[in-house]
Amino acid sequence: MFKVDVPKLIGRMYECGYNKSSLAHACRIDRNTLASYLKRPEKMPLHIINSMAAILYDDPIEAQYIFFASELTQKERNQ
């Protein structure tokens, strides 16, 4: 199982000049679908992760730290 660091992903999205609508369009999905994935990132398909990583990141290592974040909060560890 992987964890997407959503706050960092959203920050990078705005740094690159995207909003939810424009990023969704670039990923060829509906804005509501993207919003749903950001609320429940565990439901995000790998092909969407690949699309976002290609759009937002030049460095694959940086993308790895965002889309496959290894640090979990104490609450998530206890579940």
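Trainee: Where is the place of Asp5?

Mentor: Please bear in mind that this is a predicted model. Asp5 belongs to the segment before helix H1 (6-15).

Trainee: Does Asp5 count as buried or exposed?

Mentor: A residue counts as buried when its relative accessible area is under 20%. Asp5 has 17% relative accessibility and therefore counts as buried. Leaving aside neighbours within four places in sequence, Asp5 is in contact with Ile66 and Ala69.

Trainee: Which residues make the contact between H2 and H4?

Mentor: From H2 the contributors are Leu23, Ala26 and Cys27, and from H4 they are Ile48, Ser51, Met52, Ile55 and Leu56. Sorted by class, this contact of H2 with H4 has seven nonpolar residues, one polar residue and no charged residues.

Trainee: How many aromatic pairs does the count give?

Mentor: Two aromatic rings pair if their centres lie within 6.5 Å. By this rule there is one aromatic pair. Tyr57 and Phe67 form the pair, with 6.1 Å centre to centre and 85° between the planes, an edge-to-face arrangement. Tyr57 lies in the loop between H4 and helix H5 (60-67), whereas Phe67 lies in helix H5, so the pair ties together parts that are ten residues apart in sequence. Both Tyr57 and Phe67 are buried.

Trainee: Is Tyr65 buried or exposed?

Mentor: Tyr65 is found in helix H5. Its relative accessible area is 58%, so Tyr65 is exposed. Along the chain, Tyr65 and Lys8 are 57 residues apart, and their C-alpha atoms are separated by 9.6 Å.

Trainee: What is the phi of Arg28?

Mentor: Most residues other than glycine have a negative phi. The phi of Arg28 is near 65°, a positive value in a residue other than glycine. Arg28 is found in the loop between H2 and helix H3 (31-39). With 77% relative accessibility, Arg28 counts as exposed.

How values were computed: Residues are numbered from 1 along each chain as its sequence is written. This is a predicted model: local features need pLDDT of at least 70, side-chain atom pairs count only at pLDDT 80 or more; totals for chains, interfaces and linings use all residues. Side-chain values use heavy atoms; hydrogens and water are left out. Contact means heavy atoms within 4.5 Å. Helices (H or I, at least four residues) and strands (E, at least two) are DSSP runs, numbered from the N terminus. Ala, Val, Leu, Ile, Met, Phe, Trp, Tyr, Cys and Pro count as nonpolar, Asp, Glu, Lys and Arg as charged, and the others, Gly among them, as polar. Rings of Phe, Tyr and Trp (its six-membered ring) pair if their centres lie within 6.5 Å; planes under 30 degrees apart count as stacked, over 60 as edge-to-face and the rest as tilted. Buried means under 20% relative accessible area, exposed over 50%, partly exposed in between (1.4 Å probe, protein chains only).
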